[in-house]
Amino acid sequence: MNLLKINLCILYTMNKGKYTGYFYYQDTLMTKLPIFTDDIYKIYDHVSEPVIRAGFKLGFNFKHQIKECEKNIIKYEKKIRHCWKLSHKDFVKIIISYLFLVKVGKIKDDNYILIKNKNKRSLRN
């Protein structure tokens, strides 16, 4: 639970980024997140890796963590598709699971979009 609180703080610091990430699973938008870089693996290093390492320390092996992340993604995809309300903790779990599955290759690279935000000052002219 403490790692979840740490990752909430990390996500808040990421929100000052120049990019917006759109994360899809089976053609369903899982979450939209402001991020600091366009490199998905740097985002993984900041958000998901501490949780995965803590899982190893608690005795969960690699296959078990992959199965749990897949279960999380499937569960939340169904909830999003059926328009359930999700808490902020749920979105953090989605991001952690999603990034880990991207890292291990269970989710393909064409299922997320990282777009650079426009400079709003130039739009005023």
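Predicted model: local features only at pLDDT ≥ 70, side-chain atom pairs only at ≥ 80, totals over all residues.
How many bridges join β1 to β3? There are five, and the two strands run antiparallel. They are part of an open three-stranded sheet with the order β2-β1-β3, again with antiparallel pairing. β2 and β3, the latter covering 112-116, are the edge strands, each pairing on one side only. From one strand to the next, the twist averages 15 degrees.

Now for the helices on that sheet. α4 lies across β1 and β2, and its direction is at about 100 degrees to β2. α5 lies across β1, β2 and β3, at about 95 degrees to β2.

And how do α4 and α5 meet? They pack at an angle of about 130 degrees, with 9 Å between their axes. Angles from 65 to 115 degrees would count as roughly perpendicular and those over 145 as roughly antiparallel, so this pair is oblique. The crossing is left-handed. On the α4 side, the residues making the contact include Phe62, Ile66, Cys69, Ile73 and Tyr76. From α5, the contributors include Asp90, Ile94, Tyr98, Leu101 and Val104.

Some of those names turn up again in the largest nonpolar core. This core has 28 residues, and the ones touching the most other members are Phe23, Met30, Ile40, Ile73, Ile94, Tyr98 and Leu99. Which elements give two or more residues to it? They are β1 (19-25), β2 (28-35), α2 (40-47), α4 (62-81) and α5 (88-104). α5 provides the largest share, with nine residues. As general background, nonpolar side chains in soluble globular proteins tend to be buried together.

Setting aside neighbours within four places in sequence, Ile40 is in contact with Phe23, Leu99, Val102, Tyr112 and Leu114.

Last stop: α2 and α3, where α3 is the helix of residues 49-57. Their axes come within 4 Å and cross at roughly 50 degrees, so these two helices are oblique to each other as well. Here Tyr44, Asp45, His46 and Val47 of α2 meet Glu49, Pro50, Val51 and Ile52 of α3.

Key: Residues numbered from 1 in each chain as written. Heavy atoms only, no water. Core = buried A, V, L, I, M, F, W, Y, C linked by side-chain atoms within 4.5 Å. Buried < 20%, exposed > 50% of the residue type's maximum accessible area, 1.4 Å probe, protein only. Contact = heavy atoms within 4.5 Å. Pairing = 2+ DSSP bridges. Axes fitted to C-alpha atoms, helices over the stretch in contact; angles between N-to-C directions. Parallel < 35°, antiparallel > 145°, perpendicular 65-115°, else oblique. Left-handed = near helix turned anticlockwise from the far one by under 90°.
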